[in-house]
Amino acid sequence: MKKITKIGVFTSGGDAPGMNAAIRAVVRTAKYNDLDVTGIYRGYEGMIEGDFVEMNRRSVSSIIQKGGTILKSARCLEFRTPEGRAKAFENLKAQGIDALVAIGGDGTFTGAEILSKEYDIPVMCIPGTIDNDLYGSDYTLGYDTANNTVIEAIDKIRDTASSHNRVFFIEVMGRDSGCIALNAGVAGGAEAILLPEVETGIDQLLEEIGFAEERKKTSMIVIIAEGDKNGGAYNISKQVKEKFPHLDVKVSILGHLQRGGSPSSFDRVLATRMGYTAVNELLKGNSRATVGLRGNQMITTPLEEALSKKEFKLDEELLEIANVMNK
Ligand code: ATP
């Protein structure tokens with residue numbers, strides 16, 4: 001095994017709260033072990049363009065509380081080509097970078113695995129995405145913060161919903177994953193929750209709204225994950241309005257505000273543990289793996305396994321509890 005002397009760290013794909021805390025932990029753990037650290041701006045794009053910055057303990061001062069990523073993020077088509085990756089590796093070599101820590105989602109992991117195999121450079125990945133949809137960790141960075149953001153929005157919308165006797169359809173992020181919708185829906189006391197993983201036909205929703213009407217509920221919150229199969233919040237609200245014309249129906253799409261904000265305590269600690277573990281695993285000779293949290297223990301999973309397996313992250317018991325709460 002070649003001795004590691006300089007680690008390159010970067011963030012890539014969609015940003016998530018907690019990425020800065022992870023960068024900080026990577027830099028500080030590396031410096032603690034007398035390694036040099038280079039920050040790579042804009043993920044694989046910056047790697048191809050040689051957009052690098054030397055980092056030390058001070059370069060990551062006062063970033064643990066900040067959302068977004070100080071190293072910026074990007075999606076880079078050129079890195080999907082062998083020529084693009086050759087340019088990226090030449091730049092890494094010229095810089096003396098002999099190992100990488102990649103923070104991002106499954107696309108980022110795929111790119112890291114391919115580069116590592118082609119050029120025999122060690123990589124460790126950190127799962128950073130608000131969707132909580134990666135195999136190998138109970139929680140991804142940013143998920144907890146996004147849930148808190150959504151709950152805050154639900155609480156505020158509920159104030160206006162109950163003042164005006166309105167039915168609100170709130171669409172939250174999650175193209176393939178209903179984790180935010182379910183968790184924030186339960187925490188926000190939503191009357192109904194629609195998820196990509198669970199078929200809830202529009203008829204079932206109409207029945208639930210009718211049932212709530214019978215119970216003389218004057219306002220309602222329905223949470224819809226963006227990947228729900230009924231065609232999104234606007235479409236659903238239209239169908240509800242047709243069936244219940246007397247209802248005052250409103251739609252709120254929360255959108256990108258769910259990606260931002262100061263990371264929660266949970267995400268800051270998770271990011272710090274993950275950054276620390278990623279560097280220590282590299283030093284132990286581990287590579288082509290992702291770090292993760294399982295039952296409050298830090299673990300690693302080979303990228304090959306993490307990328308080929310799908311994990312059903314929806315808590316089935318919570319799903320059942322949500323149904324009971326709404327009956
Ligand atoms: P999110 O979950 O937020 O979408 P992500 O990491 O999955 O994050 P992607 O845009 O899918 O985001 O991937 C980030 C970058 O990783 C891509 O822009 C591309 O540069 C690189 N990448 C993705 N897939 C591949 C691939 N098959 N080969 C090489 N590079 C890839």
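Where is the place of Lys 72 in this predicted model?

**Figure 1. Lys 72 and its loop.** The place of Lys 72 is in the loop between strand S3, which covers residues 52-55, and helix H3, which covers residues 82-95. Its phi is positive, at about 60 degrees, although Lys 72 is not a glycine. Most residues other than glycine have a negative phi.

**Figure 2. Lys 216 and its backbone angle.** Lys 216 is placed in the loop between helix H7 (202-214) and strand S8 (220-225). The phi of Lys 216 is near 60 degrees, and this is a positive value in a residue other than glycine. Is Lys 216 buried or exposed? Its relative accessibility is 69%, and Lys 216 therefore counts as exposed, because the term applies to values over 50%.

Figure 3. The ligand sits in the largest pocket of the model. Around the ligand there are 17 residues, and the closest are Arg 75, Cys 76, Gly 105, Gly 107 and Thr 108. Sorted by class, this shell has 4 nonpolar, 9 polar and 4 charged residues. Which helix gives the largest share of the shell? The answer is helix H4, formed by residues 106-119, from which 6 residues of the shell come.

Figure 4. For Cys 76, a backbone N or O atom lies 2.6 Å from a ligand oxygen atom.

**Figure 5. Thr 110 in helix H4.** Thr 110 lies in helix H4. A polar atom of the Thr 110 side chain lies 2.7 Å from the backbone oxygen of Asp 106. The relative accessibility of Thr 110 is 33%, so this residue counts as partly exposed. Thr 110 and Phe 244 are 134 residues apart along the chain, and their C-alpha atoms are separated by 47 Å.

**Figure 6. Asn 326 and Ala 192.** Asn 326 is found in the segment after helix H11, which spans residues 316-325. How many residues apart along the chain are Asn 326 and Ala 192? They are 134 residues apart, with 7.0 Å between their C-alpha atoms. Asn 326 counts as buried because its relative accessibility is 16%, and the term buried means under 20%.

**Figure 7. Lys 6 in strand S1.** Lys 6 is found in strand S1, which consists of residues 6-11. The relative accessible area of Lys 6 is 12%, and the residue is therefore buried. Its side chain reaches the backbone oxygen of Gln 95 at 3.0 Å.

**Figure 8. Ser 252 in strand S9.** Strand S9, made up of residues 248-253, contains Ser 252. With a relative accessibility of 18%, Ser 252 counts as buried. In sequence, Ser 252 and Ser 12 are 240 residues apart. In space, the distance between them is 29 Å, taken from C-alpha to C-alpha.

Note on methods:
Residues are numbered from 1 along each chain as its sequence is written. This is a predicted model: local features need pLDDT of at least 70, side-chain atom pairs count only at pLDDT 80 or more; totals for chains, interfaces and linings use all residues. Side-chain values use heavy atoms; hydrogens and water are left out. A residue is near a molecule or strand if one of its heavy atoms lies within 4 Å of it. A polar contact is a pair of N or O atoms within 3.5 Å; within protein, one must be able to donate a hydrogen and the other to accept it, and residues adjacent in sequence count only if both atoms are side-chain atoms. On a 1 Å grid over the protein atoms alone, a cavity is a set of points where a 1.4 Å probe fits but cannot get out, and a pocket is an open set with protein on both sides within 12 Å along at least five of seven lines; lining residues have an atom within 4 Å of a point. A molecule sits in a cavity or pocket if more than half of its atoms lie within 2 Å of its grid points. Helices (H or I, at least four residues) and strands (E, at least two) are DSSP runs, numbered from the N terminus. Ala, Val, Leu, Ile, Met, Phe, Trp, Tyr, Cys and Pro count as nonpolar, Asp, Glu, Lys and Arg as charged, and the others, Gly among them, as polar. Buried means under 20% relative accessible area, exposed over 50%, partly exposed in between (1.4 Å probe, protein chains only).
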